[in-house]
Each structure stands twice: as structure tokens, then as C-alpha cells.
Amino acid sequence: MNEESEADIQRVSELLDVSVDSINKALNAKWVKKDSFVPIKKISRSNEELKNQLLEIKGVKISKAEERVYPLAEAASHLIGYIQNVTAEDIEKNLDKGYTTTSVIGKAGLEKQFEDRLKGKDGKEIYIETENETRKELLAKEEVQNGETIQLTIDANLQVNLYNELKDNKGLFVVMHPKTGELLALVSTPSYDNNQFIYGMSTEKWKELSENENTPMVARYTKSYSPGSTFKPITAAIGLSSGKLSKEDTFDYEGLSWQKNSSWGDYFITTLTAYNSPKNIRNAIIHSDNIFFAQAALKIGAETFTKELQKMGFGENLNLNLGLSKSQISNNGELKKEVALADSGYGQGQILVNPVHMASIYSAFVNNGNMIKPYLEYKENKNPEYLREEVFIPEVANIVKENLIQVIENPEGTATDMKINGITLAGKTGTAELKVSKEEETNTLGWFNLITIDENTDKQYIIISMVEDARELGGSHYLIKKLMTIWEH
């Protein structure tokens, strides 16, 4: 290095985001001699600009190292996770698994979930050697065992494309094949670069990530949310399958607000669009009519409504090994009040749905009422497994599917901007308003759920998409613009 190296060290500090104190501490370690190579930080081998800037500084050397690399970086960080050096606590918890102080261990995502299969085992030799360190006799040997190679169902191009579409927002995409259950994309935004955990992350950077109000470390597709109007097809299917409703049933009301009677006090259910056609299931789905589905839930009744949702897995751990939150009917699992039941009918109230679970439920509309089981680890045999069978009668599943097609195809549908000539799609828009009180709204979630109906296209998808702060963005239609890019690639 230059004799006066302070400015150079400051430049290295800026380029590597490592404090000057840390660099000086490393350079002044007892073992360091004048010609020693002192490692400061790992960087990506592909970052040519940074490497060139560093090599302009006298005394800087770059050596190659074999390390974990996450090629999709931010686009798949929540899914893949990351590894870190083991802690004393990790070793204590895994005493019989061969970890040493130099081991690494999966700390998040699939790195953590598949840790036992990915880690492999170190090789060992026990031998006798002479005084001059010449090996004399090998007593025992254990070969190195590499970890497994695990292949996922994720379509990397689709994952990256969808991430790039939503990376500046708070939201998610879940994409599943409707006939096999293969999970093709699991996207959460905003995100973080999991490679930073390999290169070495400063305390300041970790604090910035972990305390960020937009929660970039949270995998949103693992959480459960108020589904808004995307829940209406489920209410319709429950009513039809249970016999509490028929497709010919109509309700009689006018205007954009309604309450059952004066016992509801000042509480009214409101809807956004008036229409002149009969108030039946078909038209209520096409126009996304809150009032119709509130009345439908009341006619179905709390007992049947709750029982049918439990049949779909509400309130249960789905055991899909993805760390998913449970979907819930209400905070206590019951719907004792009329208003709570009515609100649940159109996806408000206390009902919460996990997006991966929602994808499975929607798959029943194209699988004769059977919910496909989502899976993430690739397998050659793509014969479907079912998460739940016969949750809807096949005829009912077909009725709801045809109505969802009309949400896009019918000129009065709420998702006509998703129409693609030559391809049949079905969809449902949704908005969920999250409130602390009647007066104060905290957030608006925009939803759009999409199903490929046309079996002649190679883009066979069920897509569950959500964006937060949706009112300012344009709600479901903001997501539709993003999804249209799939058919443009």
C-alpha cells in the first residue's frame, strides 16, 4: 500500500460499505505482515465495475473464492432464503449433525427448510504418521458426502419478470399450474438481496433492512389477508353446493347501500356499481356486487357457511412446508353476528385467506370441485394430488367458472382490460379495505385472481396477485397491467 494510506482506506471503505475502523482492525491484526493478504469483504465475481474501481487502489488484491451464489437475487430471496455462519446456539441445537465452528447453516427460506438435505457431510481420516510428518498407516476413512441437488417447480423467467413488474410496490404474486399444482412463481415485494448475507452485511445495513417500514424481509405470500371481492366466487359456490342458493335465485334491492333492518343501527353494506339486470349470482359476480353476496351469506347461514369453509381447510395448517399462515373464518373461528356473516360473504369482516391456499381453492373451479395440492419440489410424475376433494359439486364448479369468464368477456365485467383475443381467461377483481375504526382506514389491498381456461395455450396459470396501498395505484387494474406483460413475453 501507499505509505500514506488513509485516503485509500477511506476509498475502500466507501466502495465496500465496510467501516474504516473494521479495515484498520483487520490490517493491524497480530498475524499480519507487510506482504500478507488481508481479506476485507467478499463481492460478486460478476461485478466488474466494482472490481475495476478497487484494483485502481494500490495494495488491493482480489482472489477468487467458491461460495454460495443466488443468481435470482432479489427476485427470489424470500423463497430461497440464505445461509450464515453457525452460532454457538446452532451447534448446541444440532449436536449430532456434525456442525463445527466453521460451518454454515440455512437461516431462512428453502435454505432453512431443506438444511438437512443440502448440507452434506465432511470427510474424515484417522492415520498414524512418523515424527517427520510422513503418513505411515491409514486407520479409518469417511468419504465426503455432498448435499442433495434439489430442483424446484419455479419458472425462473416468470419469477424474475413478475418481480420486476411489482418491485417498487408492496405486494405478491402466486402462480400455480391449475391442473398439476406446480408452483411456478412465489413473488414478494419489496425484497432484499440474499447474496448480501454471503458477502457480509454491516450492522447498519441489517438495521436498515430489518427496521424498514415496508418490511422487505417479510415473505408476503406466506401471510393471510382480507380477500375482498375475490372471495365472492367462493360464497357463490358454497351457496350452490349446499343447495341454499340456486343460479336462478334473485334478491330485490335498489341503490348502492343496504341493511337487513333497523337492528343494524347505522351500519349499511355498500356496493360501487348499480346495474339493471337481475340480481342473481351471474350478474353479481360480473358486477362484483357486495350487497348480493352479503344477502347470499345470510341465506346460506352461519353454520353451513362455516362448515363449508372448514371443508376447504380454513383454520388448519395445510402442511405444504412453505411456512404459510392459516386462513381464518374469524378471529375466534365463529360467525355469531349477522353483520359479521354478511361482511364475510363479500370477503370483508374478519375473514383472512392465504394466497397459496386461495390458488388451491380457485383450482377447484377448473377441476370438478377438487382443490389441487400445490407443490414446490420438481417431480417427473405430474399426476395431480388433491388438497381437498369434492369441496364443490362439479356442476357448481363449472357454473362459477363460466361466471368468472364473463368478468373478463362481458362488456360490463370488472376486468374487461384483461381480455386477450384468442385466449379464454377467467378472473375476479377485489378490493379489501383495512380499518382501525369506522372512520379511519389504514390500508387498501388490491386483488386480481386469474385462471387460464384455454387448454391450448402453454401459459397454464392460476395467478393470485395483491398490491397494498391500492387506492392510489388503481386497484386491481394496476395488477392487470402487470399480468398482461406475461402474454407479451
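View 1. Asp17 sits in the loop between H1 and H2. In this predicted model, phi of Asp17 is near 55°. Helix H1 packs against helix H3. Here residues 6–16 form H1 and residues 48–55 form H3. Their axes lie 10 Å apart, at an angle of about 170°. Since angles over 145 degrees count as roughly antiparallel, that makes H1 roughly antiparallel to H3. Zooming in on the side chains, Arg11, Leu15 and Leu16 come from H1, and they meet Leu50, Gln53 and Leu54 of H3. Sorted by class, this contact has 4 nonpolar, 1 polar and 1 charged residues.

View 2. Ala26 and Ile40 are 14 residues apart along the chain, and 7.3 Å separates their C-alpha atoms.

**View 3. A salt bridge joins Arg68 and Glu111.** Side chains of opposite charge can pair when their charged atoms come close. In this pair, the closest N and O atoms are 2.8 Å apart. The two residues are 43 residues apart and link distant parts of the chain. Arg68 is in the loop between H3 and helix H4 (77–80), while Glu111 is in helix H6, residues 109–113. For context, the structure holds 24 salt bridges.

**View 4. Ile126, Ile128 and Leu139 make a nonpolar surface patch.** The area of this patch is about 270 Å². Leu139 is placed in strand E4, which runs over residues 135–142.

**View 5. A cis peptide bond joins Thr189 and Pro190.** What is omega at this bond? The value is about -5°. Pro190 lies in the loop between strand E6 (183–189) and helix H9 (195–199).

Definitions and conventions:
Residues are numbered from 1 along each chain as its sequence is written. This is a predicted model: local features need pLDDT of at least 70, side-chain atom pairs count only at pLDDT 80 or more; totals for chains, interfaces and linings use all residues. Side-chain values use heavy atoms; hydrogens and water are left out. Axes are lines fitted to C-alpha atoms, for helices over the stretch in contact, and angles run from 0 to 180 degrees between N-to-C directions. Helices (H or I, at least four residues) and strands (E, at least two) are DSSP runs, numbered from the N terminus. Angles under 35 degrees count as roughly parallel, over 145 as roughly antiparallel, 65 to 115 as roughly perpendicular and the rest as oblique. Contact means heavy atoms within 4.5 Å. Ala, Val, Leu, Ile, Met, Phe, Trp, Tyr, Cys and Pro count as nonpolar, Asp, Glu, Lys and Arg as charged, and the others, Gly among them, as polar. Patches are made of residues with over 30% relative accessible area and no salt bridge: like charges are joined within 9 Å, nonpolar side chains (Val, Leu, Ile, Met, Phe, Trp, Tyr) within 5 Å. Accessible areas come from the Shrake-Rupley method with a 1.4 Å probe; for residues, only the protein chains shown count as cover. A salt bridge is a side-chain nitrogen of Lys or Arg within 4 Å of a carboxyl oxygen of Asp or Glu.
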